[in-house]
Amino acid sequence: MVPKILYFMLSAGSLGLLVIDAPRGSLLTGSPESGKVERGPAGPGTTIRTPHYVFLGGFHGGK
Amino acid sequence: MTQGAPPSKLFREEAKTGSVQCLACGAPITLRGFAGIEQVTCAFCGTAHEPEPDGSLHILQQAARQHRPSVLPLYQRGSLDIGGSGPTDWEIIGLTWREITKEGVSYPWQEFLLFNPYHGFRWLIYSMSDGVWSVGGPLPGAAKVVQNTWPSVEYKGERYKHHTSGTAKTTYVEGEFPWQVKAGDSVSANDYVCPPKLISIEVQRTKAGADVNFTQVQPIAAAAVWAAFRMPGSPPSERGIHPSAPNPAAANTRFYLLAALALFILWALTTVVYAGGRANKEVWKGNVPLASGAPISQEVTIGEPGKLTTIEVELQATGMNNSWAYAEVMLINPETEEATVIGVAAEYYSGVDGGESWSEGSNPGHQIVGAVPGGKYLMQINSEADRGGDPADSLTLSIREDVLLLRYVFIPLVFILLFPLGNFIRRATFEKKRWAESDHAPVESESD
């Protein structure tokens, strides 16, 4: 009886994962690095059309 | 009509249960099977006697053998449910040891004759070679032999497949029997199985002709026998599979087939809905610099605000060998200055080692990330390529959103098929063991 229950639980669970989580890929994908950035200095003689950011990485305060 | 001699009595007079002695060794003998007994064999010396109608004995075969300790003792009483008629008290009034020898290997077993005055005789059989037990009685009727590629018999609409045949030789006798049986007797025995039932057909050839006996037995757990006869300790361990033991996996086959079919249909529908719902939309594609320096910066929109999505980044390096390239995509939320960084590498190495060519690495390189919040981002791409080996001529980077993730598709399929497949293998393994000791054992190829 236990294997049958386990069979249904695993099958239904993984089907649920396909329905619910697959479109957003929260559980079965790699987690990208995330963190704060700050604007970097413009190089000499360069024309910056968009801001240049430097990744600081990690956790920089929760407040 | 002539008046001949008076007819012999249909029934023998009731045997007297008073004290009688073995005519050979003087050991006490008590008749317990009443009038149905044809032979009583002294437990101590093995001399076979025939009870006379007046209760006295006369010797059928004198013997002077040693007593063998059987797994259950003579005259032990127990309560067993045989054939579903409810728990009934049985007494072991006779026991025999028999064996079949095949290819020099002996397969011995012990047969216990159970008696109940209201229910008659039954058999309890203990296989000494593998420790399994059977219980049953005479077949009410005869099985019909079926001509087939696999020898079979048919009884009450059920097909019994042939399992083993051999010459069963009686090696030891003790107690009372409703027929005459002596050590050294041989019969031709044929077992047919239709789990959980087994029909044994025994043919004994005598001067008067052939005596054919049909017996039907079923497996019984050793622990059940031990408990029924209130034996101390534990029964001898079971080391094999009873020829007609029910296959435990067979009972689950129907369940797993139906469940797998239903789940497979559900999986297919879910997969179609999931795959059909993926936009797999290109967010950005372009060439990126070979050397790190000024990054590419551009505003992009990913997914829908408030929803999480998936992103696949691909880096393709052209003309590259024994070298690598790397790109880092930074998605910056300008309002919070929070960024998500996705790194992707393309590398390819090849050569010849010991006369054999080899290659490794992946070009293009892929990186998939999930749970990316939808919205507007400032995308900043940094890239560089190794100058060693044959460096890349150019690098192309593409970013796609809401991509199809096959891992989510195949994991349910693995679970849906795994259990039925496991049950099938378990069933096949059990059947292989069942038939391994039969006359139809699969021939295993021998490799030198």
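Me: Two residues count as in contact if their C-beta atoms, placed from the backbone, lie within 7 Å. How many residues of chain B and of chain A are in contact by that rule?

Reply: In this predicted model, 37 residues of chain B are in contact with 30 residues of chain A. The model carries its own limits: local features need pLDDT of at least 70, side-chain atom pairs count only at pLDDT 80 or more, and totals for chains, interfaces and linings use all residues. Residues are numbered from 1 along each chain as its sequence is written, with chains lettered from A and ligands numbered from 1 in the order in which they are written.

Me: Which elements make up the side of chain B that touches chain A?

Reply: Those giving two or more residues include β20 (323-333), β24 (375-385) and α3 (406-436) of chain B. The largest share, eight residues, comes from α3(B). Helices (H or I, at least four residues) and strands (E, at least two) are DSSP runs, numbered from the N terminus.

Me: How do the residues of that side divide into nonpolar, polar and charged?

Reply: There are 26 nonpolar, eight polar and three charged. Ala, Val, Leu, Ile, Met, Phe, Trp, Tyr, Cys and Pro count as nonpolar, Asp, Glu, Lys and Arg as charged, and the others, Gly among them, as polar.

Me: How do you know that β1 (33-39) of chain A and β21(B) pair?

Reply: Strands pair if DSSP finds at least two bridges between them. β1 of chain A and β21(B) have four, in the antiparallel sense, so they pair under that rule. One of the bridges joins A:Glu33 to B:Val341.

Me: What makes β17 and β23 of chain B edge strands?

Reply: The open sheet runs β17-β25-β19-β23 in chain B, with antiparallel pairing. β17 (281-288) and β23 (365-373) each have a single partner strand, so one side of each is left without a neighbour in the sheet. For β17(B), seven antiparallel bridges link it to β25 (394-401) of chain B; among the bridge partners are B:Lys285 and B:Ser398.

Me: Why is B:Gly104 called exposed?

Reply: A residue is buried if 20 or more other C-beta atoms lie within 10 Å of its own, exposed if 12 or fewer, and partly exposed in between. B:Gly104 has 5 within 10 Å, so it is exposed. B:Gly104 lies in the loop between β7 (87-102) and β8 (105-116) of chain B.

Me: What share of chain A counts as buried?

Reply: Of the 63 residues of chain A, 22% are buried. The elements of this chain run α-β-β from the N terminus.
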